[in-house]
Protein chains: 2
Amino acid sequence: MKIAILGTGVVGETLGTKLVELGHEVRMGSRTANHEKAVAWTRKAGARASQGTFADAAAFGELLFNCTAGTASLEALKLAGAEHLKGKVLVDVANPLDFSKGFPPTLSICNTDSLGEQLQRAFPDVKVVKSLNTVAADVMVNPGLLPAPTDIFVAGNDAGAKKQVTQVLTEGFGWKRVVDLGDITTSRGTESYLFLWLRLYQALGTPHFNVQLVRA
Amino acid sequence: MKIAILGTGVVGETLGTKLVELGHEVRMGSRTANHEKAVAWTRKAGARASQGTFADAAAFGELLFNCTAGTASLEALKLAGAEHLKGKVLVDVANPLDFSKGFPPTLSICNTDSLGEQLQRAFPDVKVVKSLNTVAADVMVNPGLLPAPTDIFVAGNDAGAKKQVTQVLTEGFGWKRVVDLGDITTSRGTESYLFLWLRLYQALGTPHFNVQLVRA
C-alpha cells in the first residue's frame, strides 16, 4: 500500500521504517521538500522510501499517519491540503504536548477537547483514527519488546477506518490486544493519559513500558 | 488505629467498612452530624464505627481519607479545620470530576494543577498522599477481585507518609504492586488518567478493571 508519514521526528522515522520493512511504499512529508532528516531517512530506509512536502506525501498516500508535533498538526494538515486528504484514513499518533514551560509538558488541548477531535472537525472528509499515542515509538512498531502482552487503543467515528488501522496494528506491527474506545471524542482519554505516561516514564526510568488491562 | 473517613459516598463507605474489618476504629465525617447515610453506615459497620461532622472525624482520626466529591473537597477540609488536620496524613482518594455537563464528566482542575496539589497548598501542614483514585471502590479494598496483579499509585511530598499509606495498601487491602510516582504534582497524572478510565469503563462495560504496568 502507498502510505504517507507526515513528520520527520522519531515517531515518523520509526513508523516509516517499519512500514517499508513490511513492504509498503512510504513517502515522508515535511514543511519543505528535501528536508534534511527526510532525505537521510530515505537513504537508510531504501528503495520503497521517498520524501517531499506535506502535500506531496498526502497526495501519494492511501493511508496517512500524522506524526507531527501535536501543537503543529493542524497547520501541517492544512499544508497537506484538504483535497489530498479527502476520504482517506488518517492515523493520528500525535499528542498536543506543550514543552514551553519545560518537562514534564502540559497539554495545549485537553479536558473538553482533544487533538483528534480538532483534526476531525477541521477535516470532516478525513477518517481520523487516534491510535498509538500512548506508547513510545519503539513500542508502537514492536509491542513484543515488552515481556507480556499490553493494550493499544483506537478511537474514531468510522468503523471501517478503525478496522483497517486495527489490521495494520495486528498483522503489521504485532499488537495482540486492540481496544476500540469509541468515537473520536475518546481521544481525550488517550491524550490525557500522557500526564500519567510522562510521570511513569520518570518513575520507571524507561520509555519502554505500557499497560495491560486486567478486568474482572 | 483511629481513622477518619471524610465523605459518605460509595468510596467512603467501602473504605470505612474495610478499615473497620481490619480492626481500626473509624469515624465517618460529613457536613452535618447524624447524616442519614453516615448513621446507616455505622449501624452496618458495627461497634468500631462512629460518625460526626467533618471536624469531629478529623479531630478523631490519626490517619484521614478524603472521600468527598473532588469539587467539594477543599470546602470539606476547611470545615474539618486546619487545627484538626495539622501534621496528619491525608489520603486523597478524590477526583475533581465535574458532572455539570453530563457523562462522561470533565475535570474541574487539570493540566497545570491537580486536586492533590490544591489540597496540599491549602493545608501545608498536612501530609497529602494521593492514592486509590485510579480504581473503583470495590477494587480499592479488594485488588484480588481482578484475576491478575495490577498497579496502584502513590504521590506525595512526604516519604514517611507515603510509606505509611503503602503499608495500609499492601498489608491492609492486599495490593501487591504500589508505584511511587513522586511528589504531589504527580497527582496530575493519576487524576487526568480518569479521562481514560471513564472511556474504558464505557468500552469494557464494567468498573472492575485496572492496569498492570509492563516494562521492558
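These legends describe close-up views of a predicted model. Residues are numbered from 1 along each chain as its sequence is written, while chains are lettered from A and ligands numbered from 1 in the order in which they are written. Local features need pLDDT of at least 70 and side-chain atom pairs count only at pLDDT 80 or more, whereas totals for chains, interfaces and linings use all residues.

**View 1. Chain A as a whole.** Chain A has nine helices and eleven strands; helices (H or I, at least four residues) and strands (E, at least two) are DSSP runs, numbered from the N terminus. Its radius of gyration is 16 Å, close to the 17 Å of the globule rule for 216 residues, so chain A is as compact as a globular protein of that length. The radius is taken over C-alpha atoms, and the rule is 2.2 Å times the number of residues to the power 0.38. The C-alpha trace of chain A spans about 45 × 40 × 35 Å along its principal axes.

**View 2. The open sheet of chain B.** Eight strands, in the order S3-S2-S1-S4-S5-S8-S9-S10, make up this sheet, and their pairing is mixed. Two strands pair if DSSP finds at least two bridges between them. Strand S3 (49–53) and strand S10 (177–182) of chain B are the edge strands, each pairing on one side only.

**View 3. Strands S4 and S5 of chain B.** Strand S4 (residues 63–66) and strand S5 (residues 89–92) of chain B pair in the parallel sense over four bridges. B:Leu63 has B:Val89 in S5(B) as its bridge partner.
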